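Subject: Structure handover

Hello,

Please find the structure below. My notes on what was found in it follow.

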Amino acid sequence: MTGSELPDGLSRPGKIIAVHAGYASRAEESGTRPRHPSYFLKPASSLAASGGTVERPAGTEQLRCEGEVALVIGTTASGVAREDAWRHVRWVTAANDLGVREWRDPDRGSLLRSKGRDGFTPLGPGLLDATALDPSALRVRTWVNGTAVQDDTTAGLLFGLDQIVADLSQHVTLEPGDVILTGTPAGSTTLAPGDVVEVEVDAPSVPGAPTSGRLHTTVVAGTVPADPALGAVPVPEPTARPTLGPELREKLMRAPAAGLSAQLRKRGLDNVAIDGLRPLAGSTKIVGTARTLRFVPNREDLFASHGGGYNAQKRTFDAVGEGEVIVIEARGETGSATLGDVLAIRAHVRGAAGIVTDGGVRDAEAVAAVGIPVHCAGHHPAVLGRKHVPWDHDLTIACGGATVQPGDVIVGDADGVVVIPPGLVEEVADAALAQEDEDAWIAEQVHAGHPVDGLFPMNAAWRARYDEWRAAR
């Protein structure tokens with residue numbers, strides 16, 4: 001590893017503190033918007049200077065760059081007020097908060113393996129005098145192989161730079177030379193050996209547009225894999241959320257929930273119906289992949305901490321993707337609503353395929369008018385806090401007596417809603433459509449006056465006639 005020298009004017013910091021999520025653009029990209037700033041530590045040995053190299057660890061493929069505004073503390077800060085916080089910052093510069101996604105799960109609490117390796121915090125090359133800068137008017141940009149991938153300003157921060165300094169000073173004493181990495185905007189990009197990353201921080205509104213200059217880092221391939229005899233090994237990133245191709249989606253639109261349920265039962269799955277739901281007036285058929293949300297019974301102290309702000313309910317409706325179905329666990333409790341018209345509109349705008357809840361819906365007429373299919377257990381005028389606390393999302397839930405996992409296929413119509421494991425969906429859809437053809441032919445025979453005995457289900461003679469009919473089509 002080369003490039004470990006610090007920019008001129010900097011001493012080795014006692015600590016490097018990084019903000020988990022800083023920019024609104026990043027929150028929109030990830031679908032998660034924190035209520036408060038949160039932090040993690042990086043070792044001083046991860047620092048590197050401009051022009052150096054960084055290894056993508058052997059056995060990994062997801063090394064990602066994160067261009068950030070870095071603050072360097074100039075005077076000791078302990079318990080400072082927000083209005084006094086900025087005067088404790090001496091320098092502003094560019095940083096690249098590099099991280100390996102395959103190491104996130106083994107070190108979810110600390111991020112040490114993911115973000116603490118040698119060379120994973122390039123800094124510099126130039127230092128900007130913080131006293132001459134407006135902390136809300138700084139710009140950070142990132143390029144990979146000359147192509148711009150990140151471009152945002154500190155006006156887009158969820159938490160201002162002065163707030164971050166003041167908040168940290170409540171909990172730890174910030175000492176001269178300490179470095180704060182203030183979060184990255186949208187556009188974090190996966191890097192490969194040979195890629196060159198550049199990060200620049202500047203102040204366009206200041207005369208002369210002072211700049212840190214471009215922080216250059218070149219990626220090289222690591223050659224020594226992690227030793228499994230000593231500790232954890234990289235965990236591959238989960239595969240992308242399953243999606244339904246247009247042909248399979250069209251099949252499921254034609255296949256009735258009852259027919260799909262029958263085929264699942266033939267395959268040993270008899271607990272895949274979400275019970276107690278009815279389509280909201282005017283709702284059409286639902287076909288999509290599950291995105292899950294869980295409510296727990298209301299407890300006043302928990303609602304105070306989890307019910308307001310950017311809670312799990314709002315995060316789910318903001319993050320739902322095209323073709324996904326929001327499935328809500330509400331324990332069958334209909335004495336309070338689990339959504340209303342505003343959230344239905346948000347899901348519809350995001351391209352969601354539908355909403356399924358074993359709880360209530362408020363603003364029922366307005367929700368029905370939105371045009372997104374909704375299956376629910378009832379209507380109620382009360383808001384969440386009467387019975388529910390929005391608790392978590394994107395996890396295995398229970399809805400209407402059925403277990404639903406993210407990515408399960410959801411099909412609903414006037415008969416009800418069924419849950420199909422993704423690995424079975426095409427087989428079950430084809431079988432259900434074949435059964436529909438057979439049932440339609442049987443219905444024609446009954447209309448023609450034939451008795452149902454021997455015909456429904458078909459005996460050998462009727463089966464032969466049906467097979468002959470199919471062959472002639």
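**Helix packing around α11**

Helix α5 (residues 246–254) packs against α11 at an angle of about 45°, with the two axes 9 Å apart. Axes here are lines fitted to C-alpha atoms, for helices over the stretch in contact, and angles run from 0 to 180 degrees between N-to-C directions. That angle makes α5 oblique to α11 (under 35 degrees counts as roughly parallel, over 145 as roughly antiparallel, 65 to 115 as roughly perpendicular, and the rest as oblique). Helices (H or I, at least four residues) and strands (E, at least two) are DSSP runs, numbered from the N terminus.

This is a predicted model: local features need pLDDT of at least 70, side-chain atom pairs count only at pLDDT 80 or more, and totals for chains, interfaces and linings use all residues. Residues are numbered from 1 along each chain as its sequence is written, and side-chain values use heavy atoms, with hydrogens and water left out.

On the α5 side, Leu 248, Lys 251, Leu 252 and Arg 254 meet Val 425, Glu 426, Ala 429, Asp 430 and Leu 433 of α11 (contact means heavy atoms within 4.5 Å). By class, this contact of α5 with α11 has five nonpolar, no polar and four charged residues (Ala, Val, Leu, Ile, Met, Phe, Trp, Tyr, Cys and Pro count as nonpolar, Asp, Glu, Lys and Arg as charged, and the others, Gly among them, as polar).

Helix α6 (residues 257–266) also packs with α11 (residues 425–447), at an angle of about 120° and with the axes 9 Å apart. That makes α6 oblique to α11. The contact is made by Gly 259, Leu 260, Gln 263, Leu 264 and Lys 266 of α6 and by Val 428, Ala 429, Ala 431, Ala 432 and Gln 435 of α11. The residues of this contact of α6 with α11 divide into six nonpolar, three polar and one charged.

**Backbone in the loops**

The peptide bond from Gly 124 to Pro 125 is cis, with omega near 0°. Pro 125 is in the loop between β9 (121–122) and β10 (128–129). Another cis peptide bond joins Phe 456 and Pro 457, with omega about 0°, and Pro 457 is in the loop between α11 and α12 (460–472). Ala 209, a residue other than glycine, has a positive phi near 45°; Ala 209 is in the loop between β15 (196–202) and β16 (215–221).

Regards
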